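Reader: I would like a close look at a single part of this model. Please keep to what can be computed from the atoms.

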Amino acid sequence: MNPLLQDFNTPPFSKIKEENYKPAIKEAIEIAKKEINDIINNTEAPSFENTTVTLDNTGEKLDKITSIFFNLNSAETNEEIQEIAKEISPWLSEFKNDMVLNEALFKRVKAVYNQITNLSLTPEQEMLLEKQYKGFARNGANLDNDEKVELRKIDAALSKLSLQFGEHILAETNSFEMLLTNEGDVSGLPESAKEAAKMMATQRNKEGWLITLDYPSYIPFMTYADNRELRKKLAIAMGKKGFQKNEYNNEKIVLDIVNLRHKRSNLLGYKTHANFVLEERMAESPENVLTFLNELLEKAKPAAIREFNNLENYAKKLDSIEKLEKWDGSYYSEKLKKELFNLDQELLKPYFKLENVIEGVFAIAGKLFDLKFEEIDTIDKYHEDVKTYTVSDSKDNFISHFYADFHPRPGKRNGAWMTSYKSQQIKNEINERPQVSIVCNFTKPTDTKPSLLTFNEVTTLFHEFGHALHGMLANTTYNSLSGTSVSWDFVELPSQVLENWCYEKEALELFAKHYETGETIPMEYVEKIKESASFHEGMQTLRQLSFGLLDMQWHGTNPTNIKNVKDFEVAAFSDTQLYPDVSENCMSTAFAHIFQGGYSAGYYSYKWAEVLDADAFEYFKEEGIFNKKIAYKFKDNILSKGGTEKPMDLYKRFRGKKPNSDALLKRAGLIS
């Protein structure tokens with residue numbers, strides 16, 4: 001029997017074979033189609049229960065199976081899984097289109113929607129109905145038949161292209177390696193990074209030190225390696241992913257994606273893809289996003305230019321560097337930071353043993369939200385590196401299953417993300433609890449040292465765990481409004497706000513203990529971490545804004561006349577550029593957030609959420625960072641509510657007022 005078609009609670013990873021996916025997904029699509037036909041063929045008049053709720057519950061088996069498949073395609077993929085992904089993505093696009101373009105189904109949905117004012121619905125029910133109706137309208141239900149055929153073609157093509165885009169990036173990441181056999185070439189690298197590079201070489205049956213484009217290998221080399229030519233080689237290799245004259249080139253894919261998205265939005269009656277996307281976001285329109293980004297740019301740019309000039313002068317004074325290049329930024333920033341704050345990342349790492357940081361984030365969740373985490377070995381996992389936990393509250397009620405996967409390996413894409421295998425919902429009067437996962441790429445333990453995190457990796461863990469809490473603490477009726485199913489520019493608030501605890505003495509004392517001596521991190525280090533938090537914040541802000549503005553250029557204008565990806569990108573970066581351009585490099589051809597992930601016309605939302613998170617954390621600081629009353633206000637109004645109401649309404653209920661960007665600018669040291 002196919003394990004994916006059996007009834008299971010947690011995914012039966014160890015029983016699943018690659019050949020199970022296609023038949024299971026085919027079968028699950030057929031089951032979902034039958035569920036839809038049952039709604040259409042219901043002879044009773046359309047009602048909220050028999051249409052809206054029943055439709056929300058359709059396709060559950062399909063969701064379960066595809067969430068397992070696509071999560072593994074990101075975290076534990078291989079060539080066979082990638083081939084299956086190419087085959088099934090068009091099936092899923094077609095099924096989704098069959099559903100949203102089904103006239104009889106839309107007729108019933110519309111009939112209920114037209115009675116919305118007379119139905120005495122709760123805000124959550126109203127949101128479900130509105131979201132469902134818009135889901136049809138925004139996906140072509142009001143189009144004529146020829147236009148519907150056109151839309152299907154576009155969607156099938158887009159789903160294939162974004163998969164190809166991601167596969168090309170993964171292939172380019174995996175195919176590059178820099179083997180160094182001369183010890184002088186790893187001069188400057190901390191012992192831990194050298195040891196990891198040596199171990200990587202040994203694992204691949206090579207002699208010397210092996211450097212790759214995986215972040216735990218790439219970032220220490222760019223930050224510490226004294227050999228400027230090798231830093232240049234590595235930076236250029238990272239920057240030309242998808243931009244080389246080989247089978248993995250993404251230039252045509254980028255142009256095809258933006259043109260198809262534009263065509264799709266025009267077909268649906270929108271001026272651009274950004275107009276289409278932003279209608280359903282807190283920001284509401286491209287004009288609002290551009291105003292937001294440009295206002296921040298105006299405040300950040302003078303500071304960024306000042307910081308860049310200081311850094312260039314510093315590099316000149318230190319090493320007679322005439323022109324600061326991209327491969328110099330991290331290296332000289334780290335040296336200058338060390339000089340200004342006497343803070344060395346390597347001094348901090350012994351206090352951030354991965355296991356201790358995990359315990360720390362659990363302890364903080366306990367203090368704020370009364371949660372308990374217990375590691376278990378009773379549920380299946382997809383790789384031996386994965387840790388599994390049960391989460392419960394102070395009354396021992398089961399809250400969630402939690403999976404955590406921390407280290408890089410060949411079948412895993414770079415970066416860090418949160419995902420889920422099952423959303424929370426209340427069905428048949430049972431509160432079905434979620435299954436949440438975080439996936440990261442942190443330095444692996446070596447033969448002599450445990451996994452010791454950089455401070456940046458610590459904040460990444462807290463960030464993803466913030467998303468996880470949003471999923472775990474969900475408490476809504478309908479699964480499509482549960483957990484992180486919120487407006488895209490609201491989704492980063494829980495993750496970004498949790499990062500703030502990494503800078504607080506009270507929080508650090510819970511977990512930042514030296515892995516050998518058990519000594520708590522010295523308070524002078526904590527002070528330095530806080531002081532240095534806004535170091536080069538102008539440059540960091542400019543960098544984030546440049547990505548947001550590039551995204552808006554790709555998606556907020558008519559792309560039909562764009563002929564050259566690189567030229568277009570250079571023009572888009574003209575207002576935010578600090579470093580000289582590198583002709584061999586292109587950001588867009590590897591900008592997975594917007595061409596593979598869901599951030600198209602949405603990259604601004606990181607900065608948007610920073611405004612929310614700085615404002616929200618200000619509230620915690622006013623009342624105490626472990627103040628239960630404020631924590632529960634955050635949990636009850638934001639974490640548990642998912643997408644059941646408009647985000648701004650939820651935020652104001654928590655905070656008592658609209659967010660103010662001053663808190664962010666103050667924290668960043670951009671205003672006093």
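How many bridges join strand 3 to strand 4, and do they run parallel or antiparallel?

Author: This is a predicted model, in which local features need pLDDT of at least 70 and side-chain atom pairs count only at pLDDT 80 or more, while totals for chains, interfaces and linings use all residues. Residues are numbered from 1 along each chain as its sequence is written, and side-chain values use heavy atoms, with hydrogens and water left out.

Strand 3 (residues 371-376) is joined to strand 4 by 6 bridges, and the two run antiparallel. Strands (E, at least two residues) and helices (H or I, at least four) are DSSP runs numbered from the N terminus, and two strands pair if DSSP finds at least two bridges between them. Within this pairing, serine 392 of strand 4 stands opposite lysine 372.

Strand 4 also pairs with strand 5 (residues 398-405), again in the antiparallel sense, over 6 bridges. Here threonine 390 has histidine 401 in strand 5 as its bridge partner. Strand 4 and strand 5 form a hairpin with 4 residues between them. In that turn, aspartate 396 has a positive phi of about 65°.

Strand 4 (residues 387-393) is largely enclosed by the rest of the structure, because 6 of its 7 residues are buried. Buried means under 20% relative accessible area, with exposed over 50% and partly exposed in between (1.4 Å probe, protein chains only).

A cavity is a set of points on a 1 Å grid over the protein atoms alone where a 1.4 Å probe fits but cannot get out, and its lining residues have an atom within 4 Å of a point. Points are joined across faces, edges and corners, and a volume is the space filled by probe spheres set on them.

The largest cavity holds about 60 Å³ of space. Its lining includes Ser192, Glu195, Lys349 and Thr443, and by class it has 2 nonpolar, 3 polar and 4 charged residues. Ala, Val, Leu, Ile, Met, Phe, Trp, Tyr, Cys and Pro count as nonpolar, Asp, Glu, Lys and Arg as charged, and the others, Gly among them, as polar.

The second largest cavity has a volume of about 50 Å³. Among the residues that line it are Leu368, Phe369, Trp501 and Phe634. Helix 18 gives the most to this lining, with 3 residues. By class, the lining of the second largest cavity has 10 nonpolar, 1 polar and no charged residues.

Methods:
On a 1 Å grid over the protein atoms alone, a cavity is a set of points where a 1.4 Å probe fits but cannot get out, and a pocket is an open set with protein on both sides within 12 Å along at least five of seven lines; lining residues have an atom within 4 Å of a point.
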